[in-house]
Amino acid sequence: AMARPLPPEPSLAAALGALRSTAAFLSRALPLCRAHAVEFYTRGLWERLQNKWLLLPDAMYLLLVVLYQPYYRDVRQHFQKSFIFLCYTDDETFSDVFCGNSKKLINVHLFALAAKYYSLSSLGVCTPLEDILEAMRGSNQGTTGMFTVTGIKTDEFMNNKKSHEVQMMSELVDKIANYCGVKQVIDIGSGKGYLSSFLSMQYNLKVYGIDSSNSNTNGAHERNRKLKKHWKAYQRRGRANLKSQRWEKASVQPVERETECTAISEKLLNDSGLQSQDQVTIQPPCGFTETAASETSKQTEVDLVARTQSGESKLSEEVLAILDVLPADAVEDFSSSRCNYGELCEEEKVQRKMASLKAKASKSSESNLYFPLTSCITAETELSDVITDLEDCMMVGLHTCGDLAANTLRIFTAKPEIKAVCSVGCCYHLLSEQFENQEVFFLHFTDCPEEVWGFPMCQYLKDKGWCCGRNARMSACLALERVAVGQMLPMESLFYRAVLQVIIEEIYGVTKSNRHVGKTFSKSTSFIDYVRKSLKKLELDDSKLPDSCIMDYYEKYKHRMNELEAFNMLKVVLAPCIEVLILLDRLCYLKEQDDIAWSGLVKLFDPVKSPRCYAVIALKKQPCF
């Protein structure tokens, strides 16, 4: 089928406009997120960043305004006039949100509205997933794997989150691959290989899964071996269910089935090369056994694989259903005695051809088409050194961590073999930032001018020397939508850690440490137990610290826990804006390239199930575009 035109994409000017306005807002709002909750009490963050009147009820109300806007129309209308200026941002227009002198947050309601405005759902730069799937559906007919009728349920061997991600992303990847006419997929940061395995088995794509962890690669090999057995069981179950349905349908409408079988079988046999009709006898579908139907079904699978491999149109499911009920003697068996000695008659040629195709079909079903590899991928990686049979392909990444997401896009733009990319990043706190430390940057820049950084990527933010900072990037990983449905932050553990920091500094005089307390909270029975276990992990002597002293600190700060909660809620509300900056930076980078035919951001997952839900997608210019 002819490929349909892709949906409209945001222009470079539109993407840059959204990036500039978001950056202007964040330049005033980021101090809220550059602070770490661990230092909340030791650094007096509440007093430094918010006015005293901004208490917990306001923070809770902020979330209500942002997340449940349909129920707060009056509130939105009340602040609408004040909010209009946010659409035309420059550095001075946020004076009603932040104090010009102290830089403190002074209007929580306008802050909430601004944060909502500078989210991807409001900026109008995303392409709906339905639009891109519909555009690619025209080039995708009949090209999916031969076993898609088995009804595989990924949630039987993946958790709900991973099942949702793999199903949604694999469908999109398959459509992009077919749209670009490629069969090879490179999965960067493939991890345990769930996406890679599913792409290869469900869609017959040749997938190379590359991960830097050798244990992940070894685990992927073993998991894939078990998954193949699981997959074959699904195939058998699916065929049995399909056959049962066909039997029921055939018994209800025997006359109609006979007519359909005759007509379609004649067409199929003529198409397969058995052109002489006097050599073919079509029998009515009555009195045949399940074994006979099974044998005919196997023959049909061979023909199906042959058609798929040769690039011809695939048999429809209805044809497969008809052939499932053909009798065993629908095609006569010809004796080799009818042929001259030393020569191959047409019948033997057909039989040998079908035997060869059956062997190929068996090999195709047995070959995994997924190859886990161990390699550390950087922007300078030569894929041909990792993949020896590299061909025209597309690159994918499902929750690639830190710089790996940025490097995936750089490799895509640099390698002509890679025709498309679909990347969902995560772990923003692991991104390297060019301007996070100006002194370090200067040393790197003078000694190694080719240094590659995870952020920023686009020219605008580079020219501005833009920096988020690690704590702000950590805040970008917070899940606002999950908080909205009641999956609140682990406030008690955050409170324990913040008070522990007060104890560490006041009692032990330690402000910096390379050691971490880790998941001590989940293993503790009380605040006293938590403090003592944490001090041991930090290699601090707790013998001089009586229980009463520990509880004094707890009692001193417990009434201020609401401040910490409000502070973290402000960070949660701001989190999508920081993610917008990172994603628009990547999109603008792609739009700065000359050979990109289409690029956009697509909301791929349900953000409650998978908070990092946006995919960066790009396709290179091709003769057909």
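This is a predicted model: local features need pLDDT of at least 70, side-chain atom pairs count only at pLDDT 80 or more; totals for chains, interfaces and linings use all residues.

Tutor: The crossing of H1 and H25 is left-handed. Helix H1 covers residues 12–29, and it packs against H25 at an angle of about 145°, with the two axes 9 Å apart. On the side of H1, the contact is made by Leu12, Ala15, Leu16, Ala18, Leu19, Thr22, Ala23, Phe25, Leu26 and Ala29. H25 contributes Leu574, Cys577, Ile578, Val580, Leu581, Leu584, Asp585, Leu587, Cys588 and Lys591. Sorted by class, the residues of this contact of H1 with H25 are 17 nonpolar, one polar and two charged.

H25 itself spans residues 561–591, and it also packs against helix H22, which spans residues 491–508. Here the angle is about 115° and the axes lie 10 Å apart. Angles of 65 to 115 degrees count as roughly perpendicular, and H22 and H25 are therefore described as roughly perpendicular to each other. The crossing of H22 and H25 is right-handed. From H22, the residues in contact are Met491, Glu492, Leu494, Phe495 and Ala498, and they meet Met561, Leu564, Glu565 and Asn568 of H25. By class, the contact of H22 with H25 consists of six nonpolar, one polar and two charged residues.

In soluble globular proteins, nonpolar side chains tend to be buried together. In this model the largest nonpolar core has 145 residues, and those with the most contacts inside it are Phe25, Phe111, Met169, Met394 and Ile617. H25 supplies the largest share of this core, namely 18 residues. Phe25, one of the residues with the most contacts inside the core, is also among the residues of H1 that make the contact with H25.

Met169 is another of the residues with the most contacts inside the core. Leaving aside residues up to four places away in sequence, Met169 touches Leu195, Val396, Gly397, Leu398, Cys422, Val424, Leu604 and Phe605. Leu195, one of these partners, is among the buried residues of H10. Helix H10 runs over residues 194–203, and nine of its ten residues are buried, so it is largely enclosed by the rest of the structure. Just after H10, Asn204 takes a positive phi of about 55°.

Conventions
Residues are numbered from 1 along each chain as its sequence is written. Side-chain values use heavy atoms; hydrogens and water are left out. Axes are lines fitted to C-alpha atoms, for helices over the stretch in contact, and angles run from 0 to 180 degrees between N-to-C directions. Helices (H or I, at least four residues) and strands (E, at least two) are DSSP runs, numbered from the N terminus. Angles under 35 degrees count as roughly parallel, over 145 as roughly antiparallel, 65 to 115 as roughly perpendicular and the rest as oblique. A crossing is left-handed if the near helix is turned anticlockwise from the far one by less than a right angle, and right-handed if clockwise. Contact means heavy atoms within 4.5 Å. Ala, Val, Leu, Ile, Met, Phe, Trp, Tyr, Cys and Pro count as nonpolar, Asp, Glu, Lys and Arg as charged, and the others, Gly among them, as polar. A nonpolar core is a set of buried Ala, Val, Leu, Ile, Met, Phe, Trp, Tyr and Cys residues joined through side-chain atoms within 4.5 Å. Buried means under 20% relative accessible area, exposed over 50%, partly exposed in between (1.4 Å probe, protein chains only).
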